[in-house]
Amino acid sequence: MLSQDAYPTRTPKSAAILARQDPVVYAPGGLNDKRLSKDQRASYEQDGFLLMPDLFNQDEVAFLFDTMQNMREEFTHAGRKEVIAEPGSGEVRSIFNVHRLNDIFANLVRDPRVLNVAREILGSEVYIHQSRINYKPGFTGKEFYWHSDFETWHSEDGMPAMRALSCSILLTDNSEANGPLMVIPGSHQHYVSCMGETPDENYKKSLKKQEIGVPDEILLRYLADLGGIKTCTGKAGTVIFFDCNTMHGSNSNISPFPRSNVFFVYNSIDNQLQTPINDLVPRPEFVAARQGIKALTPSPLDID
Ligand code: 6CS
Ligand code: FE
């Protein structure tokens, strides 16, 4: 990483809040991908996220839900590195790299309803930086503490600029009760630099419970005072798009109802990974893609 890094973080002594240096909605890159209305684009730009209810119909959701459950059954006892266990209960918390491990998810990342929104916002061709299912099981699903994804991807993966977004497809209903995504509107305009150096192989811990790259409480309070906190609830089939630097997290799920979502992280083809901060060893391919990067092409609408 260059010494004049606009987004320093993981420093030994101090936390800080810095202004974003990158656009949120990029100028069209010659692709014709108009999926969003003017209002939707403006709302994404202002808030750092956009909720699109019912983007997938109930038949599609049922099919994707079964696919997700089948993957869990197949992977749970197979000793796969892509499976992350819940702290405590040992239930499946996440499975990573699902777009490379499963044909249905491989096809889903190319569905124009999601891919073309990513291309429209990022103003270029895109590829998948990371994909995962977060199962958040009933009773035992633990929280995801407040964080900016970009802070991790910049420092641990060497992602140069804020030109990536997450797309979360809800595969169960996400209610106030089962630990839905919480976002701080407007927080994507501020970069929260975090105190604390990154140990080797931090991902093995952080994907269960994040302890490094955790924002300072005073800065979180500042952002929440400015923007408030919004819970992203919706029926299965709803899709949430959010900027890579939007401050977000979710509570644990003590309800009986699982909150299971599939996440795709689209990154601009012009924003591929470099060397991580402090010359850390790059994280493995199943968490952060570096190999065989190719721009995604939209698929025909039929997902199966
Ligand atoms: O380390 C990562 O890349 C992941 N960690 C969190 C808490 N969110 C985004 C991403 O899956
Ligand atoms: Fe996240």
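The model is predicted, so local features need pLDDT of at least 70 and side-chain atom pairs count only at pLDDT 80 or more, while totals for chains, interfaces and linings use all residues. Residues are numbered from 1 along each chain as written, chains are lettered from A and ligands numbered from 1 in written order, and side-chain values use heavy atoms, without hydrogens and water.

I begin with the shell, meaning residues with a heavy atom within 4 Å of the ligand. Ligand 1 is surrounded by Gln130, Arg132, His147, Asp149, Thr152, Trp153, Leu207, Gln210 and Arg283. By class, that shell has 2 nonpolar, 4 polar and 3 charged residues.

Next, the polar contacts, which are pairs of N or O atoms within 3.5 Å. An oxygen atom of ligand 1 lies 2.8 Å from a side-chain N or O atom of Gln130, and a ligand nitrogen is 3.1 Å from one in His147. Trp153 places a polar side-chain atom 2.9 Å from a ligand oxygen. Taken alone, ligand 1 exposes 300 Å² (Shrake-Rupley method, 1.4 Å probe), and the protein buries 94% of that.

Of its 29 lining residues, the closest to the centre are Phe144, His147, Asp149, Ser206 and Gln210. A pocket here is an open set of points on a 1 Å grid over the protein atoms alone where a 1.4 Å probe fits, with protein on both sides within 12 Å along at least five of seven lines; lining residues have an atom within 4 Å of a point.

Conventions: A polar contact is a pair of N or O atoms within 3.5 Å; within protein, one must be able to donate a hydrogen and the other to accept it, and residues adjacent in sequence count only if both atoms are side-chain atoms. Ala, Val, Leu, Ile, Met, Phe, Trp, Tyr, Cys and Pro count as nonpolar, Asp, Glu, Lys and Arg as charged, and the others, Gly among them, as polar.
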